[in-house]
Amino acid sequence: EVLLEIWRSADKFDRARGTGMTWAATIAHRRAVDRVRSVTAQAHRDQESAARISPITDEVAEQAVASVERERVRQCLDSLTDIQRESVVLAYYDGHTYQDVARLLDVAVPTIKTRIRDGLIRMRDCMGVAS
């Protein structure tokens, strides 16, 4: 590229400003600087583009995984007995303590603890989580 530029612009060479070798080296240097700047700018554009696209892709993937997991949890909750499901939902989805759940269902606290423990064990097995 440099040789072609020298050939095409030979009429612009001025002996008063320096030697032919200096003129050719200057052209080569400017071309090299232009090339480095171009590559750097392209890399910067690529990084910005990837940064804009990546979070969107990750967000969509996370939403898809969360949706599948929610469905699995619903299916596993449906596999519990009614009293286990009611106790687990009150404790984990509604945020009640064992004492609150016992009071709401008018059942002894140890009974609620057993229902929730048994329900969680069944949930764990249904979800395929290692113990």
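1. Start with how α3 and α4 cross: in this predicted model, α3 passes α4 in a right-handed crossing. Helix α3 covers residues 82-93, and its axis comes within 9 Å of the α4 axis, the two crossing at roughly 130°. The pair is therefore oblique.

2. As for who touches whom there, α3 brings Glu86, Ser87, Leu90 and Ala91, while α4 answers with Val101, Leu104 and Leu105. Sorted by type, the residues of this α3 and α4 contact come out as five nonpolar, one polar and one charged.

3. Next along is α4 against α5. Helix α4 spans residues 98-105 and helix α5 residues 109-127; they pack at about 105°, with axes 9 Å apart. An angle from 65 to 115 degrees counts as roughly perpendicular, so α4 and α5 get that label.

4. Have a look at the side of α4 that meets α5: Tyr98, Gln99, Val101, Ala102 and Leu105. Across from them in α5 sit Val109, Ile112, Lys113, Arg115 and Ile116. The tally for this contact is seven nonpolar, one polar and two charged.

5. Serine 87 deserves a click. This residue lies in helix α3 and has a relative accessibility of 0%, so it counts as buried. What does serine 87 touch, leaving aside residues up to four places away in sequence? The list is Val101, Leu105, Ile112, Arg115 and Ile116.

6. On to the cysteines: the count comes to one disulfide. Cysteine 76 is joined to cysteine 126, with S to S at 2.1 Å. The torsion about that S-S bond is about -80°, so the disulfide is left-handed.

7. Finally, are the two cysteines buried or exposed? Cysteine 76 has a relative accessible area of 2%, so it is buried. Cysteine 126 has 36% and is therefore partly exposed.

Methods. Residues are numbered from 1 along each chain as its sequence is written. This is a predicted model: local features need pLDDT of at least 70, side-chain atom pairs count only at pLDDT 80 or more; totals for chains, interfaces and linings use all residues. Side-chain values use heavy atoms; hydrogens and water are left out. Axes are lines fitted to C-alpha atoms, for helices over the stretch in contact, and angles run from 0 to 180 degrees between N-to-C directions. Helices (H or I, at least four residues) and strands (E, at least two) are DSSP runs, numbered from the N terminus. Angles under 35 degrees count as roughly parallel, over 145 as roughly antiparallel, 65 to 115 as roughly perpendicular and the rest as oblique. Contact means heavy atoms within 4.5 Å. Ala, Val, Leu, Ile, Met, Phe, Trp, Tyr, Cys and Pro count as nonpolar, Asp, Glu, Lys and Arg as charged, and the others, Gly among them, as polar. A crossing is left-handed if the near helix is turned anticlockwise from the far one by less than a right angle, and right-handed if clockwise. A disulfide is a pair of cysteine sulfur atoms within 2.5 Å. Buried means under 20% relative accessible area, exposed over 50%, partly exposed in between (1.4 Å probe, protein chains only).
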